[in-house]
Amino acid sequence: MSQEMTAAAPAAPAPPRTAARTWWRVAALAAAAFVALAGVRFITGQQMLTSAGTIQATLAFAVPIGLAGLGGLWAERAGIINIGLEGMMVLGTWTAAYAAYTTGSPWAGLVAGVLGGMAGGLVHALATVTFGVDHIVSGVAINILAVGAMRYLSLLFFDGIPGAGASQSPPLPEFPRVGLPFVADLLAPVRDSGWFLVSDLASLITGATTGMSVVTLLAILLVPATFWVLWRTPFGLRLRSCGENPDAAESLGVPVYTYKYVAVLLSGGFAGLGGVFLAMVASSIYQEGQTGGRGYIGLAAMIFGNWRPGGLAMGAGLFGYTDALQVRGGGAAVHSLLLLIGVALLAAAGWLLYRRAVRNAVIAAVVAVGLLAWYTFTDTLPGQLVTYSPHIATLLVLALASQRLRAPAAVGRQWRKGTS
């Protein structure tokens with residue numbers, strides 16, 4: 001008697017998530033968010049939610065946050081935590097202002113600002129890579145020292161100049177602006193029509209193609225450029241291997257120290273470029289305290305984006321949008337977002353209930369009902385709450401996104417060569 005044994009066929013592995021699929025997912029999420037905002041604008045009549053001016057202000061607020069986030073992305077993908085992004089942005093603001101004022105050229109300011117940020121990155125790399133200093137301690141030290149050093153230099157070089165002093169520079173030359181001619185005039189009737197989604201799309205196109213600084217355009221192009229370099233080139237693969245498993249990278253002949261240095265230097269350069277934007281595009285003058293914590297918010301955007309450029313851009317856009325809305329629209333415009341958040345939480349509660357996550361569904365539904373009641377029985381929000389809405393959005397986003405994040409495996413590790 002014989003018995004046949006038939007082995008079960010192995011299950012086919014799940015298809016890998018391709019880059020095209022990831023970018024389409026980001027685009028779909030962004031499109032869904034815009035449609036939702038258009039719906040809230042149509043229902044509430046708050047035109048500031050999707051106006052061309054709000055779009056332009058969103059870019060202005062999002063660019064420095066996104067550049068700081070890109071700096072954090074490059075450093076942490078190589079295994080180095082860069083809390084010092086805030087200080088590197090401070091270095092970028094002052095060096096850009098000094099070079100632009102003394103030479104009269106905005107491009108000299110741009111180069112100097114990037115180099116100033118890279119100088120901060122070099123200090124961080126020396127401390128963390130060469131001497132093995134704790135990454136957090138080094139970053140905090142750079143943040144503290146940068147503020148004091150730039151005030152001293154302002155006293156040394158700006159004090160006594162008309163319109164300048166210890167806390168600010170003289171007026172600075174501006175970068176040229178680019179845009180599509182006649183777009184604003186051609187789309188003006190559509191924008192003013194108030195039609196659902198059509199009017200909002202016209203405002204989006206107008207805001208994104210009119211009066212854009214060349215630095216803004218450069219910052220936008222750096223997002224796909226970062227993705228291509230880190231995920232589509234051998235250089236990027238080696239750099240990311242240093243943040244995932246430096247021991248394995250070293251065993252394959254990758255110069256880990258060199259790649260970490262390059263990553264942290266570029267990280268400082270991105271932060272310095274964010275400082276250039278703040279000093280020469282957003283305000284056309286250097287001022288003490290100009291960064292306003294944007295280096296930290298950039299790190300939050302990077303974490304929200306799961307250490308990926310596309311997600312980082314979405315996070316920077318979200319934080320920039322909340323900042324722009326509270327500046328341009330005030331309490332009434334931010335108040336209308338309660339309706340959007342409440343409806344979104346109700347939809348999330350239905351989905352969680354479908355997935356049999358009853359407890360989470362109940363919590364989401366209760367919060368949604370509370371927000372909708374708040375929206376129904378009030379007309380605006382307190383000024384203090386409106387002012388801090390970008391920071392509240394930062395905390396909420398990090399709390400909600402922290403459940404599905406994956407940092408590079410060796411990030412923050414004090415790695416020494418030959419210790420594997």
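Modeller: First, the term. A cavity is a set of grid points where a 1.4 Å probe fits but cannot get out, and its lining residues have an atom within 4 Å of a point. Keep in mind that this is a predicted model.

The count comes to one cavity of 30 Å³ or more. The largest cavity has a volume of about 40 Å³. Its lining consists of Ile 80, Thr 128, Val 129, His 135, Tyr 257, Lys 260, Arg 413, Gln 414 and Trp 415. Two elements give two or more residues each to that lining: helix 4 (106-130) and helix 11.

Take helix 4 next. Leu 126 is found in this helix. Is Leu 126 buried, exposed or partly exposed? Its relative accessibility is 35%, so Leu 126 counts as partly exposed. Leaving aside neighbours within four places in sequence, Leu 126 is in contact with Phe 131 and Tyr 261. The C-alpha atoms of Leu 126 and Val 264 are separated by 9.8 Å. Along the chain, those two residues are 138 apart.

Now helix 11. The largest nonpolar core has 54 residues. Which members touch the most others? They are Leu 67, Leu 70, Phe 175, Val 215 and Met 280. Several elements give two or more residues to this core: helix 2 (52-77), helix 3 (85-103), helix 5 (135-157), helix 8 (214-232), helix 9 (234-244), helix 11 (256-282) and helix 12 (294-304). Helix 11 supplies the largest share, 12 residues. So helix 11 gives residues both to the cavity lining and, as a member of the list above, to this core.

Not counting residues up to four places away in sequence, Leu 67 touches Ala 219, Leu 222, Phe 270, Ala 271, Leu 273 and Gly 274.

Helix 3 has 19 residues. From its first C-alpha to its last it reaches 27 Å, close to the 27 Å expected at 1.5 Å a residue. Helix 3 is mostly covered, with 15 of its 19 residues buried. Just after helix 3, Gly 104 takes a positive phi of about 75°.

Helix 8 holds Ala 225. Ala 225 has a relative accessible area of 36%, which means that it is partly exposed. Ala 225 and Gly 272 are 47 residues apart in sequence. In space they are 18 Å apart, C-alpha to C-alpha.

Helix 12 holds Ile 303. Ile 303 is partly exposed, with a relative accessible area of 27%. From Ile 303 to Leu 239 the separation is 64 residues in sequence and 19 Å in space, C-alpha to C-alpha.

Backbone angles come next. Most residues other than glycine have a negative phi. Two residues here are worth a look on that score. Leu 197 has a positive phi of about 70° although it is not a glycine. Leu 197 is found in the loop between helix 6 and helix 7. At 24% relative accessibility, Leu 197 counts as partly exposed. Asn 306 is the other case: its phi is near 60°, a positive value in a residue other than glycine. Asn 306 lies in the loop between helix 12 and helix 13 (309-328). Its relative accessibility is 23%, so Asn 306 counts as partly exposed.

Last, the aromatic rings. The structure holds 11 aromatic pairs. One of them joins Phe 42 and Phe 196. That pair is edge-to-face, at 6.1 Å centre to centre with 65° between the planes. What does the pair tie together? Phe 42 lies in helix 1 (residues 19-44) and Phe 196 in the loop between helix 6 (183-193) and helix 7 (198-209), so the pair ties together parts that are 154 residues apart in sequence. Phe 196 counts as partly exposed, at 39% relative accessibility. Elsewhere, Trp 94, Tyr 98, Phe 157 and Phe 158 form one aromatic cluster.

Technical notes:
Residues numbered from 1 in each chain as written. Predicted model: local features only at pLDDT ≥ 70, side-chain atom pairs only at ≥ 80, totals over all residues. Heavy atoms only, no water. Phe/Tyr/Trp six-rings, centres within 6.5 Å; stacked < 30°, edge-to-face > 60°. Helix = DSSP H or I, 4+ residues; strand = E, 2+ residues; numbered from the N terminus. Buried < 20%, exposed > 50% of the residue type's maximum accessible area, 1.4 Å probe, protein only. Core = buried A, V, L, I, M, F, W, Y, C linked by side-chain atoms within 4.5 Å. Contact = heavy atoms within 4.5 Å. Expected span 1.5 Å × (residues − 1). 1 Å grid on protein atoms, 1.4 Å probe; cavity = no way out; pocket = protein on both sides within 12 Å on 5 of 7 lines; lining within 4 Å. Points joined across faces, edges and corners; volume = space filled by probe spheres on them.
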